[in-house]
Amino acid sequence: MSNTIPYKIYLSENELPKAWYNLRADMKNKPAPLLNPGTLQPLTADELAPIFCEELIKQELDDTTRFIPIPQEIRDFYKMYRPSPLIRAYCLEEKLQTPAKIYYKFEGNNTSGSHKLNSAIAQAYYAKKQGLKGVTTETGAGQWGTALSMACAYLGLDCKVYMVKVSYEQKPFRREVMRTYGASVTPSPSMETNVGRKILAENPGTTGSLGCAISEAVEAAASLEGYRYVLGSVLNQVLLHQSVIGEETKAALDKYGVKPDMIIGCAGGGSNLGGLIGPFMREKLLGEADYDIVAVEPASCPSFTRGVFAYDFCDTGKVCPLAKMYTLGSGFIPAPNHAGGLRYHGMSPVLSQLYHDGYMRAVAVPQTEVFEAAEMFARVEGILPAPESSHAIKVAIDEAMRCKETGEEKTIVFGLTGTGYFDMVAYEKFHDGKMDDYIPTEEDLAKFRKTLPEM
Ligand SMILES: *Cc1c(COP(=O)(O)O)cnc(C)c1O
């Protein structure tokens with residue numbers, strides 16, 4: 001059987017999903033609603049309207065519609081780089097001498113280099129349809145900002161990006177790609193916003209954080225006429241858009257009658273993993289099939305494995321709604337030597353609820369082991385993986401090695417979310433032996449936990 005499976009399983013353009021899948025519709029315990037940070041009451045569509053686009057608010061609050069049709073204009077854009085290939089990792093299997101069968105869904109095949117474009121085009125499309133002038137956002141490592149810049153350029157929308165200062169300085173190439181697509185890029189915290197000025201006054205040397213850049217982007221959207229704020233992960237709507245990853249993966253596997261035992265994905269805010277597991281989790285929720293679903297996070301930013309499941313702010317400046325999620329506290333700032341991405345303090349409320357209810361598990365891995373896995377993968381499979389994606393590679397390799405010991409022929413699917421061309425400073429640190437595996441102590445985490453709201 002295995003000989004009949006090609007190295008790359010491509011779907012045709014006609015097989016591109018026609019609808020996004022809304023995982024929430026099949027969850028018995030729905031994710032908890034976003035709360036107004038002032039009143040602690042669930043946010044209404046009206047309250048969200050000054051910040052988010054109308055249609056995206058509908059999607060954010062919709063816990064019941066299973067399938068939401070993908071507008072034709074978005075499908076046309078998807079056709080430029082989708083369906084993405086599902087690759088059988090024959091070379092990695094050979095290298096590991098494992099009886100496991102390994103597949104990965106490769107989302108790095110577009111200029112932005114990651115899965116983020118799947119949601120960027122959807123969010124930009126709805127902003128355009130509402131007649132807005134532009135959108136504001138934050139970006140950490142730069143992938144989301146790049147994806148959004150591409151989507152905005154395609155649709156003729158203005159794009160203002162607040163980029164975490166450390167990345168702005170370390171990743172000048174990402175910044176210039178965004179500017180090539182017409183976005184304006186500001187290092188965060190900046191002196192442009194009230195919240196930026198406040199954070200700088202309290203902590204003048206700060207190199208910034210995602211939570212802080214979010215606060216600035218939200219403030220900018222609320223104060224500019226014709227602008228709304230968009231976010232590249234965590235939110236329910238983003239998981240919805242990313243469901244194209246899972247729908248395609250399932251369709252490709254079904255073509256060859258392959259049933260995975262295990263599905264692995266890296267988790268920063270949870271969007272790629274939430275998208276990848278969609279149709280598999282659906283079967284699991286409906287009791288039709290069982291899969292071992294694994295989220296992989298960095299040991300230096302361990303939201304699932306060492307965080308608490310509680311309402312928390314989504315941003316440092318506490319201007320955003322409260323979300324119930326696994327979180328380290330909105331004041332969390334990762335160690336400066338952390339180079340592997342996935343540094344957000346919280347986690348998707350959908351995945352948080354599924355994890356809490358025992359439908360998936362999580363593991364945390366130290367960054368040097370992640371880069372070792374990345375390098376092995378690059379050498380045998382040819383693709384230069386993003387550090388974020390390499391968290392999933394690391395655990396896929398660990399699981400394949402376990403199969404080698406036990407002789408189990410498990411089928412493992414993992415998400416290869418993107419490429420690492422812009423992450424060479426991180427690879428350089430690894431090659432020069434300057435990367436360490438700092439893991440926060442209980443005391444560190446207790447300090448950040450104090451930034452959780454009392455309620
Ligand atoms: C942003 C990003 C991630 C993490 O984000 P999720 O929302 O958790 O998917 C992972 N891989 C790449 C390449 C990214 O750009």
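Reader: In which sense do strand β5 and strand β15 pair, and over how many bridges?

Author: Strands of a sheet pair through backbone hydrogen bonds, in a parallel or an antiparallel sense. Here β5 (residues 101–106) and β15 (residues 411–416) pair in the parallel sense over six bridges. Two strands count as paired if DSSP finds at least two bridges between them. Strands (E, at least two residues) and helices (H or I, at least four) are DSSP runs, numbered from the N terminus. As an example of a bridge, K101 has T411 of β15 as its partner.

Author: Before going on, note that this is a predicted model, in which local features need pLDDT of at least 70 and side-chain atom pairs count only at pLDDT 80 or more, while totals for chains, interfaces and linings use all residues. Residues are numbered from 1 along each chain as its sequence is written, and side-chain values use heavy atoms, with hydrogens and water left out.

Reader: What is the strand order of the open sheet, and which strands are at its edges?

Author: The seven strands run in the order β1-β4-β5-β15-β10-β11-β14, with mixed pairing. The edge strands, β1 (8–9) and β14 (361–365), each pair on one side only.

Reader: How many residues surround the ligand, and which are the closest?

Author: A residue is near a molecule if one of its heavy atoms lies within 4 Å of it. The ligand is surrounded by 18 residues, and the closest are K116, S233, G268, S271 and T417. Helices α12 (271–285) and α16 (387–406) each supply at least two residues of this shell.

Reader: Where are the cis peptide bonds?

Author: One joins R82 and P83, with omega about -10°; P83 lies in the loop between α3 (72–78) and β4 (86–88). Another joins S188 and P189, with omega about 5°, and P189 lies in the loop between β8 (184–188) and α9 (194–202).
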